[in-house]
Amino acid sequence: MDRLVKPDLKEIEITYKKAQKCTTTFRLSNLMHTMSVAVSLTSTNPSIFSFSQSFSIIPPLSTSSYTLTLSQPSDHQSPPLHTPPHAVTVKSAMLPTGKAHLEDLRRLFARPGPHIFKDGIIPISLVGPHVADYIITNQNYIHSSDLCAYFNRAISGCTGSQLTSLLESAVVSGNSNLVAKLIDLGGDFNFKNLKGQSLISLAVKSGSFDVVKTLISSGCSFDNLVDKVLHEAAAINRVDLMELLCSRFKDLVGSNSIDLHGRTPIHVAASLGYAKVIRFSASVGVIVDSVDCNGCTALHLAAEKGHLEAVECLLECSYYIKYVVNKDGKTAFGVAVDNGNSHLYSLLQLGDVLHRAAGLDDVNAIKNCVSQGVNVNERDQNGWTPLHRAAFKGRIESVKVLLSYGARVDVVDDDEYSPLHCAVETGNVKVAMLLIAHGAKANVKKCVKSSMMVNKYWSAPLKKKSLCGEDGTELCVELSSCVL
């Protein structure tokens with residue numbers, strides 16, 4: 001015989017509750033038919049796990065119950081998880097007389113020898129939602145090889161509602177494996193918290209791509225009237241999450257849905273300076289120049305915070321946006337001024353000053369604008385650059401200065417007109433010749449119209465005159481030759 005008693009379980013489970021005294025009961029059966037058995041119970045950590053009776057006597061073929069108590073010191077704020085698990089050691093010895101005092105039993109088991117039987121080591125498992133929640137919230141401090149084993153034991157005694165509560169914690173923690181485990185065991189993946197938010201919304205806020213993907217694969221849905229998932233993804237600069245949501249919920253994700261402040265995801269991204277989010281949002285149909293409850297566009301918010309890249313991105317997406325005024329009657333430029341963001345002045349207003357200066361032939365103003373960093377090729381709402389405007393007005397000095405600063409001669413507007421076309425249509429011969437000298441060419445689409453304009457504005461007598469290379473016929477030939 002290798003043992004005298006047999007436990008009624010292979011593992012002792014204690015339902016752990018934080019800051020409470022926790023107990024569990026198990027039984028040992030005497031396997032001897034004619035003789036009583038003395039029993040000794042010890043734990044690997046007696047200061048935490050203890051028995052009301054560490055020594056006992058079990059009559060022949062009888063069973064006795066034992067209570068194991070988990071005592072928690074006042075400063076002990078976490079379940080005593082341990083690797084390997086804490087355990088109870090069961091030892092036994094034959095007791096022919098069937099009787100013995102406590103001190104006799106203590107001396108009996110204190111003397112090693114063949115009379116002592118080691119009947120087993122029973123591991124102790126801490127179970128229940130308190131343990132599982134501790135594992136979820138402290139998973140970064142638990143060795144990965146132990147995490148799964150601890151968690152599987154902890155949730156073994158949880159109810160359905162407890163699993164759902166744990167599922168919410170697991171989603172927030174960002175562990176997709178724990179999320180999948182809880183869903184498989186019956187956690188409600190369509191659970192809504194007290195604010196009516198779905199688990200997908202919570203997962204997006206936590207920034208866990210894998211958890212969002214796991215929830216979607218499990219069939220989790222959300223209410224777009226409550227869950228502003230694109231706003232939440234925009235707020236943490238996660239284009240990957242926005243792409244996933246838009247691809248999986250084309251009918252649910254309202255790309256132009258607004259939050260309580262009337263703001264779209266682009267507003268959110270602009271206020272934080274997230275240019276990539278702005279570009280993606282615009283690509284899926286979010287209106288770039290929509291206004292919030294204060295009449296502010298995303299550009300107002302970016303200008304307020306001084307986010308240069310976001311301002312540049314918004315202006316690329318919409319030219320008109322910088323002319324929108326908020327409820328205070330201010331454009332984005334005015335907001336930038338109020339907040340001292342002088343590095344945005346050029347983008348938000350000085351570009352307009354450059355256009356006006358080019359039209360007025362104000363060379364000094366042009367030089368001043370360029371010195372402050374204005375893009376010499378900045379377009380207006382019609383796609384015109386300052387060179388278009390100067391050429392159209394025949395401002396030869398402005399054209400010279402703009403060219404010297406790198407103005408592009410062949411840039412075209414929204415109607416595919418180059419600065420050369422503008423000069424030809426208004427009969428500005430000197431400007432046209434100067435542009436040609438700098439490599440300007442008429443495109444095929446506008447060639448015929450340009451030639452017609454030359455004939456319209458320059459009479460036959462003018463063609464016969466020698467105008468130092470500015471003869472109308474020569475210009476017409478020049479225009480034709482640079483196209484054909």
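Colleague: Which residue's backbone oxygen does the side chain of His267 reach?
Modeller: This is a predicted model: local features need pLDDT of at least 70, side-chain atom pairs count only at pLDDT 80 or more, and totals for chains, interfaces and linings use all residues. Residues are numbered from 1 along each chain as its sequence is written, and side-chain values use heavy atoms, without hydrogens or water. A polar contact is a pair of N or O atoms within 3.5 Å; within protein, one must be able to donate a hydrogen and the other to accept it, and residues adjacent in sequence count only if both atoms are side-chain atoms. At 3.0 Å, the side chain of His267 reaches the backbone oxygen of Cys296.

Colleague: Is His267 buried or exposed?
Modeller: Buried means under 20% relative accessible area, exposed over 50%, and partly exposed in between (1.4 Å probe, protein chains only). His267 has 1% relative accessibility, so it counts as buried.

Colleague: Which helix holds His267?
Modeller: Helices (H or I, at least four residues) and strands (E, at least two) are DSSP runs, numbered from the N terminus. His267 falls within residues 265-272, which form helix α10.

Colleague: What covers the buried residues of α11?
Modeller: In α11 (residues 275-283), Ala275, Val277, Ile278, Phe280 and Ser281 are buried. Contact means heavy atoms within 4.5 Å. The cover includes α8 (229-235), α9 (239-248), α10 and α13 (308-317).

Colleague: How many disulfides does a search of the whole structure find?
Modeller: A disulfide is a pair of cysteine sulfur atoms within 2.5 Å. Cys369 is buried at 1%, whereas Cys148 is partly exposed at 47%. The number of disulfides found in the whole structure is zero.

Colleague: How many aromatic pairs are there?
Modeller: Rings of Phe, Tyr and Trp (its six-membered ring) pair if their centres lie within 6.5 Å; planes under 30 degrees apart count as stacked, over 60 as edge-to-face and the rest as tilted. By this rule, the count of aromatic pairs is six.

Colleague: How are the planes of Phe26 and Phe51 arranged, stacked, tilted or edge-to-face?
Modeller: The ring centres of Phe26 and Phe51 are 6.1 Å apart, with 75 degrees between the planes, and the pair is edge-to-face. Phe26 is in strand β3 (residues 22-30) and Phe51 in strand β5 (residues 49-51), 25 residues apart. Both residues are buried. The arrangement of Phe26 and Phe51 is edge-to-face.

Colleague: Is Phe392 buried or partly exposed?
Modeller: Phe392 forms a tilted pair with Trp384, 5.4 Å centre to centre and 55 degrees between the planes. Trp384 is buried at 17%. At 38%, Phe392 is partly exposed.
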